[in-house]
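Student: I would like to learn how to read a structure like this one. Please show it to me, and I will ask about one feature at a time.

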Amino acid sequence: MGSNPLMKSTLTGIAMQGVMVLIGKFVPAIGTIPNFYAICGTVLAAITGVLAARGSAGAAAGKVATDGAIAGGASSVVGGFLAVATGQWPGFAIVQMLGPAISGSVAGGLGGIVSRMMGGRRSL
C-alpha cells in the first residue's frame, strides 16, 4: 500500500463500515433505530474524508475534496453491500445503492475540505 493516502483512507473507511455492519448483525436492536445505518455510515464516510485529507500533506483543497469523496463513497458502497450480504437490508434493490454512494461521497468530500480548513496539512 505504501504511502498512497487515498488507498489507506479507503481501506480504513471500509474497515470502519465493516465493523458497523458487524455490530449491527450481532446487536439486532441497533437495526431498529430509525436511520441508524444511514447516519452512522455517513459519519464514517466523513471521517474517511478527513483521513484522506490528513494523509495528503500539501495537496490542494480540490485534491483533498476529490480524494475524500472517492474514499467516502467507496467505503459507503462497500458498507451497503456488506449490509445486504448479512441480511440487514431487507427488500434491497440495486438502485438503492445510490443512497450510500451519494451521501458517502458528499460526506467524504466535506470531511476532506473541513479537515483542510482546520489545518489538516500534516501527513499521518
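This is a predicted model: local features need pLDDT of at least 70, side-chain atom pairs count only at pLDDT 80 or more; totals for chains, interfaces and linings use all residues.

Student: What share of the residues counts as buried?

Tutor: The cut-off for buried is under 20% relative accessible area. In this chain, 35% of the 124 residues count as buried.

Student: Which secondary structure elements does the chain have, and in what pattern?

Tutor: The chain has four helices and zero strands. Along the sequence the pattern reads α-α-α-α.

Student: Why look at the radius of gyration of the chain?

Tutor: It can be set against the value for a compact globule, which would be near 14 Å for 124 residues; the chain has 14 Å, so the two agree. Along the principal axes, the C-alpha atoms fill a box of roughly 45 × 25 × 25 Å.

Student: How much space lies in the largest pocket, and which residues are closest to its centre?

Tutor: The largest pocket holds about 360 Å³ of space. It is lined by 22 residues, of which Phe-36, Tyr-37, Ala-38, Trp-89 and Pro-100 are the closest to the centre. The elements giving two or more residues to this lining are α1 (5-26), α2 (36-54), α3 (61-85) and α4 (98-117). The largest share, five residues, comes from α2.

Student: How do the lining residues of the largest pocket divide by type?

Tutor: The lining has 10 nonpolar residues, 12 polar and no charged.

Methods
Residues are numbered from 1 along each chain as its sequence is written. Side-chain values use heavy atoms; hydrogens and water are left out. On a 1 Å grid over the protein atoms alone, a cavity is a set of points where a 1.4 Å probe fits but cannot get out, and a pocket is an open set with protein on both sides within 12 Å along at least five of seven lines; lining residues have an atom within 4 Å of a point. Grid points are joined across faces, edges and corners, and a volume is the space filled by probe spheres set on the points. Ala, Val, Leu, Ile, Met, Phe, Trp, Tyr, Cys and Pro count as nonpolar, Asp, Glu, Lys and Arg as charged, and the others, Gly among them, as polar. The radius of gyration is taken over C-alpha atoms; the globule rule is 2.2 Å times the number of residues to the power 0.38. Buried means under 20% relative accessible area, exposed over 50%, partly exposed in between (1.4 Å probe, protein chains only).
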